[in-house]
Amino acid sequence: MLLKIAVLPGDGVGPEVTDEAIRVLENVARIFGHELSLQKKDVGGAALVSSNDPLPSDTLQACLSSGAVLLGAVGGPAFDNFPSSLRPERGLLRLRQELGVFANLRPAICFSSLEDSSPLRPEVVSGTNVLIVRELLGGLYFGQPRSIHGQAGKRSAVDTMTYGEPEIERIAHVAFGLARSRRRKVTSVDKANVLDCSRLWRDVVTRVSREYPDVDLSHMYVDSAAMALVSRPGDFDVILTENMFGDILSDQAGAVVGSLGMLGSASIGGSVGLYEPVHGSAPDIAGKGIANPLGAILSTAMLLRHSFNLEAEAASIESAVDKVLAAGHRTRDLVKSGQASLSTQEMGRKIADAVEQHAEVKS
Ligand code: NAD
């Protein structure tokens with residue numbers, strides 16, 4: 001199969017972790033007999049520097065004409081004072097919108113060998129396997145009007161949270177559909193005691209749930225969900241939630257399972273799927289060769305599964321990650337201070353080698 005993929009490394013640790021994801025992808029393509037066609041393009045701060053636009057049109061065109069998009073991360077302190085239309089993050093938001101990817105899937109799995117890396121006690125985090133299904137194109141991140149206005153010293157700001165029934169319906173169907181291939185439990189997270197958007201959310205999700213009588217639905221306020229995610233994370237199967245709550249809860253889930261650097265994500269539902277680690281550009285560690293590439297690598301497994309329907313190839317990557325971690329290999333974010341750790345590249349090579357060994361055992 002021809003795997004035509006647009007690669008947008010972006011900023012900070014983005015290029016470092018993306019290089020390792022590509023290393024693994026190249027091995028998988030070779031082993032399983034696929035042809036890989038990669039087109040690298042700028043996005044975010046890198047694109048602002050090269051063309052004063054966080055999402056240049058040639059980047060967008062390359063994405064729209066590919067089978068999938070693999071992205072690193074965007075943003076960094078150098079761009080913090082840019083006007084909001086020229087922030088690196090605007091490029092990413094526009095890309096999601098242009099691709100129409102309304103469903104963001106963020107699995108947070110505690111690998112058994114990583115139970116010690118969680119800030120939580122092993123018996124609390126053990127068995128955690130939660131899929132956060134985050135609505136990606138609505139809510140506060142896209143609602144209009146939005147602005148900072150008025151004179152210095154007396155300025156006000158406004159952001160708008162808005163959701164329509166069709167937007168809630170379509171993401172609810174994704175969550176219930178995915179729950180059927182898991183433990184058949186959906187927890188819908190909202191703030192229905194305060195927000196009208198959440199009251200509508202709860203109504204619509206409840207209505208959609210009637211089409212999935214085999215899936216158990218419960219509702220939780222976001223503050224209570226945040227608490228439950230650290231006190232009994234193993235109870236969750238699928239968390240269905242709106243854009244901002246999903247953004248926040250998934251970072252928290254990352255910490256629960258050991259490191260934000262472990263989490264991959266898939267954004268689907270539109271013309272072309274977008275795959276990226278959950279973490280940002282991590283300016284505090286960028287350029288040091290110590291970023292954990294596993295979130296980016298696990299994103300490529302999701303890319304193969306969701307955009308190309310290549311389940312065995314996706315599973316070969318996930319199994320390689322599991323084996324390498326079980327063998328005790330760790331990047332710096334997963335070890336206690338003073339313990340030895342692998343660089344970004346060393347971890348990438350370990351996974352690429354493990355994919356190879358996995359294939360040899362199978363053949
Ligand atoms: P961040 O995710 O970049 O970093 C948070 C913490 O996690 C930092 O301590 C960082 O060192 C650590 N971390 C992140 N990725 C890691 C990895 N792969 N391995 C090891 N440790 C890792 O979030 P932030 O610091 O709030 O934001 C930094 C920049 O990234 C900002 O400009 C922000 O807007 C941007 N951002 C981009 C995205 C994206 O591209 N999707 C997401 C979140 C933040």
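Visitor: Is Leu249 buried or exposed?

Guide: Buried means under 20% relative accessible area, exposed over 50%, and partly exposed in between, with a 1.4 Å probe and protein chains only. Leu249 is buried, at a relative accessible area of 2%. Bear in mind that this is a predicted model, where local features need pLDDT of at least 70, side-chain atom pairs count only at pLDDT 80 or more, and totals for chains, interfaces and linings use all residues. Residues are numbered from 1 along each chain as its sequence is written, and side-chain values use heavy atoms, leaving out hydrogens and water.

Visitor: Where does Leu249 sit, and which residues is Leu249 in contact with, leaving aside neighbours within four places in sequence?

Guide: Helices (H or I, at least four residues) and strands (E, at least two) are DSSP runs, numbered from the N terminus. Leu249 belongs to helix H9, residues 243-256. Contact means heavy atoms within 4.5 Å; with those neighbours set aside, Leu249 touches Ile132, Val189, Val222, Ala225, Ala226 and Leu229.

Visitor: How many salt bridges are there?

Guide: A salt bridge puts a side-chain nitrogen of Lys or Arg within 4 Å of a carboxyl oxygen of Asp or Glu. The count by this rule is 23. One of them joins Arg134 and Asp247, at 3.9 Å from N to O. Arg134 lies in strand E5 (residues 129-135) and Asp247 in helix H9, so this pair ties together parts 113 residues apart in sequence.

Visitor: Which of these two partners is buried, and which is partly exposed?

Guide: Arg134 is buried, with a relative accessible area of 1%, while Asp247 is partly exposed at 25%.
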